Amino acid sequence: MIIEEIQGLLCEKFGDKISPVEAGAVHDSCILVDPASVNAICQYLYDDERLAFDMLMCLSGLDLSPEDENLSVVYHLFSDVHLHKVAIKAVVSKENPHLPTVENIWKTANWHEREAYDLFGIVFEGHSDLRRILLPDDWEGYPLRKDYKEPDTYRGMKVPY
Amino acid sequence: MRQFFSIVDNLSEVAVGSSKPLASLLVEILPPLPAFLEEYEQLLAMITACGIFVAVVPLIPLVLVLAERKVSAFIQDRTGPMRVGPWGILQTLADGVKLLFKEDLIPPYGDRVLFRIAPYIIVCFSLAAFVAIPFGAIDLGDEQYIFIVSNLNIGIFYILAVSSVIVIGIIMAGWASNSKWSLLGSLRSAAQMVSYEIPVGLSILSVIMLVQTLNMQGIVDQQGSGLHSWLIFRTPFSFVAFFVFFISAIAEVNRTPFDLPEAESELVAGFHTEYSGMRFALFFIAEYANMFAVCAIAATLFLGGWQGVLPGIDILGGLPGFVFKTLFLVFVMMWIRWTLPRLRVDQLMNLCWKYLIPVSFFNILGVGIWMLVLGADTMDMKSLGPSLVIIVLAVFILLRQVFKGVSGTKQETIPAPSI
Amino acid sequence: MVGYISNIYVGVYTVLVGMVITFRQMLKPRVTHQYPYQYEFERKDNYREIPIGYRGQLHNRVEDCIVCNKCVQICPVDCIYIDSRKPSGGRGAKLWESMNVVHLKDRKQIIGIVEGNTKKIEPDTEITISQTVPAGKTRKVSSNDVDRIVERKKVTFYMDRFDIDMALCMYCGLCTEVCPTECLTMVDTLQGIEYSEFDRASLNYSFVKPELYK
Amino acid sequence: MAAEGSKFIEVQPFSDEMVLSMGPQHPSTHGVLKLELRLDGEIVREAIPHIGYLHRCFEKHAENLSYPQIIPFTDRMDYIAAMNQNWGFCLAVEKMMAADEKFSGVPERAEYLRVLVGELNRIASHLLSFGTYGMDIGAFTPFLYAFRDREEILLLFEEICGARLTYNYIRIGGVSRDMPPDWLGHVKNFIDYFEPKVDEYNALLTENKIFIERTVKVAVLDEDMAINYGITGPNLRGAGKKWDLRKDEPYSIYDRFDFDVPIGHDIPRIGAVLGDCWNRYKVRMDEMKESVKIIRQILNQEIPEGPIIAQYKAVRPPAGEIFDRSEAPRGELGFYIVSDGSVKPVRLKAKSPCFTALSALQELSKGLMVADIIAIIGSIDIVMGEIDR
């Protein structure tokens with residue numbers, strides 16, 4: 001199934017929560033979705049027999065530039081049944097980066113969401129164990145944001161070595 | 001005090017024939033002692049012999065550690081230690097010296113007293129087992145002098161009793177270290193050693209039934225008429241009992257595949273995780289001394305002790321032959337260690353309680369029935385013949401299967417490209 | 001009961017098979033070597049030796065270096081430091097003209113101006129190299145000894161500093177690939193792999209030779 | 001910043017339970033993994049993995065480096081199979097570059113070289129996995145046998161790319177060096193020597209009764225759970241799912257070779273069930289043989305002459321984003337790259353197979369024993385460098 005068909009199916013179900021496929025993208029195309037309903041959309045993608053996306057290949061946060069006021073979360077899904085792929089993207093603001101978790105659908109999202117929280121500060125509501133995963137628990141700031149300034153010291157140690 | 005010494009004297013009373021410990025020769029050769037020491041004559045002789053053993057036995061680990069490293073290296077395509085001395089033969093000495101100079105760390109919040117005495121307990125009791133092992137015998141005049149510290153008439157029983165005290169030292173070490181790894185290791189070891197006492201005891205029992213004595217020298221004496229008189233070949237059941245004993249002995253001395261107390265991939269180093277310096281070396285000495293002791297016991301009980309393959313050929317009182325047998329068993333232990341993976345705790349208990357103990361009970365039963373049916377004198381050809389036939393047949397069939405299985409893996413003829 | 005006995009049999013059997021395999025191994029020759037003693041680390045045909053093109057320690061032949069800064073730009077970990085300045089004399093001033101580097105087959109180099117065709121080496125001829133650096137003499141070599149001849153660009157900068165921090169280097173070899181004069185190389189001999197130091201600061205190698213620019 | 005505290009296990013005072021901190025320094029956590037165990041005697045009630053001890057900010061680094069400069073950093077992710085990591089990254093970038101007219105595509109000869117080194121590295125990686133798994137279970141000898149044979153592969157790599165562990169060999173559009181003149185002969189020597197060795201290792205360790213006791217029916221990871229956890233590679237195939245990107249979505253020139261995809265089986269003879277530790281381990285042993293098969297096919301073919309690297313001006317992929325995955329020895333290695341048309345990526349995320357595999361540990365380890373934890377970690381074959389990145 002190609003991405004337009006998937007997008008059509010999603011539009012049928014969710015209507016205006018789905019944006020059209022990003023035009024002009026050279027490589028992979030994403031379906032932009034409303035961040036608040038990510039969980040419902042993913043549940044539909046997982047449950048529907050025609051789609052049956054049973055594998056979350058990758059979940060990544062995305063910050064395009066320091067000037068950008070938005071963060072995105074990209075979900076790369078793969079269906080082991082129909083062997084098709086789709087990427088959906090949810091855009092949240094940098095001030096209030098909240099969106100629902102998909103951990104209840106794909107368990108692998110647990111650690112991926114923790115990583116996105118750790119490095120981008122995106123808060124996944126309803127996550128069972130949302131804490132830093134790669135960085136120390138008392139690290140300040142979210143390093144993969146483009147406007148991140150590294151601290152001078154961490155616990156008395158000089159950071160820029 | 002005097003009463004205590006008389007008990008010791010009674011215990012060490014010669015039980016069989018006119019054989020005496022070698023140390024009593026000393027008493028006879030030396031000029032007579034002053035009158036007030038006369039009644040302690042035997043005791044002094046024993047102390048002298050003990051002194052010799054305490055000096056000699058710690059040298060065994062020195063050899064065995066190197067042997068283990070070399071055996072493991074040869075199995076694993078390596079050369080082992082090569083730098084200290086020719087072919088690295090002084091490596092253990094160098095390690096010992098290094099450990100001697102290391103700081104003796106005691107973990108804070110640990111139990112300092114127990115932590116300090118635990119290695120001594122382990123070493124003492126593993127050395128104590130050597131007291132009752134006959135290393136050889138020599139005929140002088142009409143008297144037979146045995147290379148033994150004390151010819152106890154309950155020798156094997158004494159050894160079993162002494163070697164089971166070691167577990168107390170291990171638990172002390174684990175508890176006093178104030179480390180969870182140590183504690184886990186020592187508790188594993190407690191469960192393991194207590195359980196494996198039983199198959200050891202039972203398989204010894206099936207031998208005792210054949211020889212009707214607990215005296216170690218007495219057991220050796222009955223195996224004096226050549227290879228076929230060794231207790232391992234007397235009945236098919238004692239053949240099995242040897243393997244049960246050997247497996248349990250490996251577990252008793254905490255070696256792979258039963259080295260759970262010090263499983264390095266699980267428990268870091270088990271009960272001696274927190275030890276350093278000479279105290280750590282003491283654990284090593286105890287481990288290897290123990291290993292030598294159980295192999296010596298196995299050789300004594302099953303493989304004819306210091307008696308030779310043919311009757312009457314006992315070079316140097318049979319000492320080299322006995323050491324050779326023991327070292328061979330030690331080698332097999334090392335060979336097993338560097339071949340097999342480790343069991344899990346519950347499987348270890350399974351093996352003991354579900355396999356080894358039933359089998360050794362079956363052995364006792366079998367030996368009894370064998371003696372009832374074919375006569376109590378197992379040296380008689382009527383009994384020995386069928387036994388040898390069954391053993392040879394079983395070994396032949398098993399080994400044929402094994403070699404068939406091994407050759408299934410394609411004997412590779414191509415050497416490694418870089419050699 | 002059958003399962004019980006077959007369990008024992010399989011246990012004994014597989015253990016014995018393993019033991020036979022390990023015993024068989026004991027009779028074979030060893031593969032390990034006594035590292036510095038048993039082995040002559042000289043280049044031979046035996047491929048156990050350090051192979052040609054091994055990525056060892058970095059080395060810069062500053063005589064060839066034209067201070068183009070490409071290595072600094074490509075280095076992913078920024079471990080190369082170059083300071084340079086222009087010679088006085090304004091635009092177009094150069095320290096020396098373009099020259100040739102003659103790579104001999106015994107891994108030595110001669111720098112100078114090669115007379116005649118440098119692209120193609122005819123066998124059994126004599127190659128004359130004049131104005132060799134730094135001696136300034138003329139040398140003659142047989143073309144059979146010559147591996148290749150590389151053109152060396154003209155040098156237009158004084159090199160004040162060429163430091164490589166080998167403690168930072170990650171041995172990716174990208175800098176040697178971009179080097180236009182092939183002066184920055186990775187040493188593929190024993191010196192390239194054995195250069196331990198007690199002090200980390202002494203791993204910072206300085207290659208600059210001020211006497212070259214006098 | 002949200003108030004947060006590290007989640008540590010708490011036990012009630014005077015209970016029979018004990019908290020044991022396994023790692024980060026521990027002989028068999030394959031690097032610097034820390035596990036917090038809540039133990040009831042020997043039985044594990046709960047195991048929480050703590051990762052991040054080897055975090056080197058790969059993704060942050062990558063945003064500040066040009067594409068060719070990132071390749072040495074991918075070496076350091078999964079340092080056991082660095083060739084495959086190079087390859088995965090280059091595949092993703094090449095896919096983006098395909099839209100660039102000046103990019104001439106990967107030459108044929110380079111594809112063959114890539115498959116050769118990729119499969120050799122797969123063998124090396126599985127050998128290490130086999131060896132360390134033996135050591136985790138307690139058999140030390142297979143470890144050194146595995147290292148002995150892996151050494152031969154490292155020598156081959158040393159010859160072709162000059163490094164033993166961090167190769168930086170596969171570049172965008174090709175490979176960095178052509179093979180030395182007699183290299184294929186050395187590869188053939190190695191393959192001839194190595195192929196019978198796998199049988200020997202199977203007899204020594206795989207079929208050993210103690211090993212079987214330790215690994216069968218331990219930590220069963222069934223297919224549904226594996227897919228839900230996003231677990232791929234040998235761990236998924238051990239659960240019985242026949243899924244291999246080399247076969248099912250063939251990249252490079254894998255469609256020209258004939259090889260099987262080994263999967264796990266229920267084996268009543270030894271009691272193995274789909275998805276247990278033994279099956280996961282056995283899949284790796286079988287895969288080594290399949291890799292040997294592929295290498296043999298290359299050796300029997302004529303490798304086409306020609307250039308080894310594509311022609312292009314500079315690596316400036318057109319703006320856009322891509323998620324591409326390739327089959328590394330430990331599973332599907334994905335790279336999510338967002339480009340804005342400059343020489344540096346805007347965002348690069350590496351989806352490592354070990355990361356997802358380790359996340360299943362918490363669920364797998366419940367109710368097992370301490371020794372089984374070691375068996376699981378070994379059987380999912382993690383490399384901390386890839387998890388922490």
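**Notes on the four-chain model**

1. Let me start with chain B, which has 16 helices and three strands. Here helices (H or I, at least four residues) and strands (E, at least two) are DSSP runs, numbered from the N terminus. Please keep in mind that this is a predicted model, in which local features need pLDDT of at least 70, side-chain atom pairs count only at pLDDT 80 or more, and totals for chains, interfaces and linings use all residues. Residues are numbered from 1 along each chain as its sequence is written, while chains are lettered from A and ligands numbered from 1 in the order in which they are written.

2. How much of chain B is buried? Of its 419 residues, 48% count as buried. A residue is buried if 20 or more other C-beta atoms lie within 10 Å of its own, exposed if 12 or fewer, and partly exposed in between, with C-beta atoms placed from the backbone. Take the contacts in chain B between residues at least 6 apart in sequence: 77% of them join residues at least 24 apart. Two residues are in contact if their C-beta atoms, placed from the backbone, lie within 7 Å.

3. Chain C has five helices and 10 strands. Of the 214 residues in chain C, 22% count as buried. Among its contacts between residues at least 6 apart in sequence, 71% join residues at least 24 apart.

4. UniProt, in an unreviewed entry, places a "transmembrane region" at residues 6–23 of chain C. UniProt positions are given in the numbering used here, feature names are shortened, and annotations may be inferred rather than shown by experiment. In the model, residues 6–23 of chain C are 100% helix and 0% strand, and the end C-alpha atoms are 25 Å apart.

5. Helix H1 (residues 2–26) of chain C packs with helix H6 (residues 183–206) of chain D at an angle of about 130°, with their axes 8 Å apart. Axes are lines fitted to C-alpha atoms, for helices over the stretch in contact, and angles run from 0 to 180 degrees between N-to-C directions. H1(C) and H6(D) are therefore oblique to each other. Angles under 35 degrees count as roughly parallel, over 145 as roughly antiparallel, 65 to 115 as roughly perpendicular and the rest as oblique. The contact is made by Val17(C), Gly18(C) and Ile21(C) of H1(C) and by Glu200(D), Ala203(D) and Leu204(D) of H6(D). These divide into four nonpolar, one polar and one charged. For the classes, Ala, Val, Leu, Ile, Met, Phe, Trp, Tyr, Cys and Pro count as nonpolar, Asp, Glu, Lys and Arg as charged, and the others, Gly among them, as polar.

6. Within chain D, the axes of helix H4 (residues 108–137) and helix H5 (residues 141–161) come within 8 Å and cross at roughly 160°. H4(D) and H5(D) are therefore roughly antiparallel to each other. Residues making the contact include Leu120(D), Leu127(D) and Gly131(D) of H4(D), and Phe143(D), Arg150(D) and Phe157(D) of H5(D). By class, this contact has 16 nonpolar, three polar and two charged residues.

7. Which parts of chain B give two or more residues to the side that touches chain D? As background, 31 residues of chain B are in contact with 37 residues of chain D. The elements in question are helix H15 (345–374) and helix H16 (381–407) of chain B. H15(B) gives the largest share, three residues. The side of chain B that touches chain D divides into 13 nonpolar, eight polar and 10 charged residues.

8. Chain D also meets chain A, with 35 residues of chain D in contact with 30 residues of chain A. Elements of chain D that each supply at least two residues include strand S6 (320–328), strand S7 (331–339) and helix H12 (353–359). S6(D) gives the most, with five residues. By class, this side of chain D has 15 nonpolar, 10 polar and 10 charged residues.

9. One residue to look at is Thr356(D), which lies in helix H12 of chain D. Thr356(D) is buried, with 30 other C-beta atoms within 10 Å. Not counting residues up to four places away in sequence, Thr356(D) touches Thr108(A), Tyr229(D), Gly230(D) and Ile231(D).
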